[in-house]
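Keep to plain terms and give the cut-off for each one.

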Amino acid sequence: MQNDFKLKTHEGVVTFTPQKLESFRDAYEQCVGSDELVFEFEGHHYLKGYAKHMISYLEGLWVKDDNPKGGIS
């Protein structure tokens, strides 16, 4: 069973799966190459510096079999 991780925003909740995180990382990497400080992903705006930490944190939540660390399989 795959668990999704949710992030509350002013507009609602953003859910990340390993596949969605990969797309988020791609959007972040496009922003890194520019002078922009903010980028948009699926209608939400993210600060480039904060996104870097989000990616690092979220990548650490999944192990190779896509189960969260410490989660129930």
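A polar atom of the Lys20 side chain lies 2.9 Å from the backbone oxygen of Thr15. The Lys20 side chain also makes a polar contact with the side chain of Glu42, at 2.9 Å. A polar contact here is a pair of N or O atoms within 3.5 Å; within protein, one must be able to donate a hydrogen and the other to accept it, and residues adjacent in sequence count only if both atoms are side-chain atoms. The model is predicted, so local features need pLDDT of at least 70 and side-chain atom pairs count only at pLDDT 80 or more, while totals for chains, interfaces and linings use all residues. Residues are numbered from 1 along each chain as its sequence is written, and side-chain values use heavy atoms, with hydrogens and water left out.

Where is Lys20 placed? Lys20 is in helix H1. Helices (H or I, at least four residues) and strands (E, at least two) are DSSP runs, numbered from the N terminus. With a relative accessible area of 19%, Lys20 is buried. The classes are buried for under 20% relative accessible area, exposed for over 50%, and partly exposed in between (1.4 Å probe, protein chains only). Leaving out residues up to four places away in sequence, Lys20 touches Val14, Thr15, Phe41 and Glu42, where contact means heavy atoms within 4.5 Å. Lys20 also lies over the face of Phe16, at 5.6 Å from the ring centre. A charge sits over a ring if NZ of Lys or CZ of Arg is within 6 Å of the ring centre and within 35 degrees of the ring normal.

Lys20 and Glu42 form a salt bridge, and their closest N and O atoms are 2.9 Å apart. This pair links distant parts of the chain, 22 residues apart: Lys20 is in helix H1 (residues 18–32) and Glu42 in the loop between E3 and E4. A salt bridge is a side-chain nitrogen of Lys or Arg within 4 Å of a carboxyl oxygen of Asp or Glu. Glu42 is exposed, with a relative accessible area of 53%, whereas Lys20 counts as buried. The loop that holds Glu42 runs between strand E3 (38–41) and strand E4 (44–47). Most residues other than glycine have a negative phi. Glu42 is not a glycine, yet its phi is positive, about 50 degrees.

How many salt bridges are there by this rule? The count comes to two. In one of them, the side chains of Glu59 and Arg25 meet at 2.8 Å, N to O. Glu59 is partly exposed at 36% relative accessibility, and Arg25 is partly exposed at 24%.

The aromatic side chains come next. The structure holds six aromatic pairs. Rings of Phe, Tyr and Trp (its six-membered ring) pair if their centres lie within 6.5 Å; planes under 30 degrees apart count as stacked, over 60 as edge-to-face and the rest as tilted. The rings of Phe24 and Tyr46 are edge-to-face because their planes stand at 80 degrees, with the centres 4.9 Å apart. Phe24 in helix H1 and Tyr46 in strand E4 are 22 residues apart, and the pair links distant parts of the chain. Phe24 is buried at 0% relative accessible area, and Tyr46 is buried at 5%. Ring pairs join Phe16, Phe24, Tyr28, Phe39, Phe41 and Tyr46 into a cluster.

The largest nonpolar core has 16 residues, of which Phe16, Leu21, Phe24, Phe39, Tyr46 and Leu58 touch the most other members. Strand E2 (12–16), H1, E3 and H2 each supply at least two residues of this core, and its largest share, five residues, comes from H1. A nonpolar core is a set of buried Ala, Val, Leu, Ile, Met, Phe, Trp, Tyr and Cys residues joined through side-chain atoms within 4.5 Å.

Apart from residues up to four places away in sequence, His45 touches Val38, Phe39 and Glu40.

Finally, the chain as a whole. The protein chain has two helices and four strands, and from the N terminus on its elements run β-β-α-β-β-α. Of its 73 residues, 32% count as buried. Among contacts between residues at least 6 apart in sequence, 41% join residues at least 24 apart.
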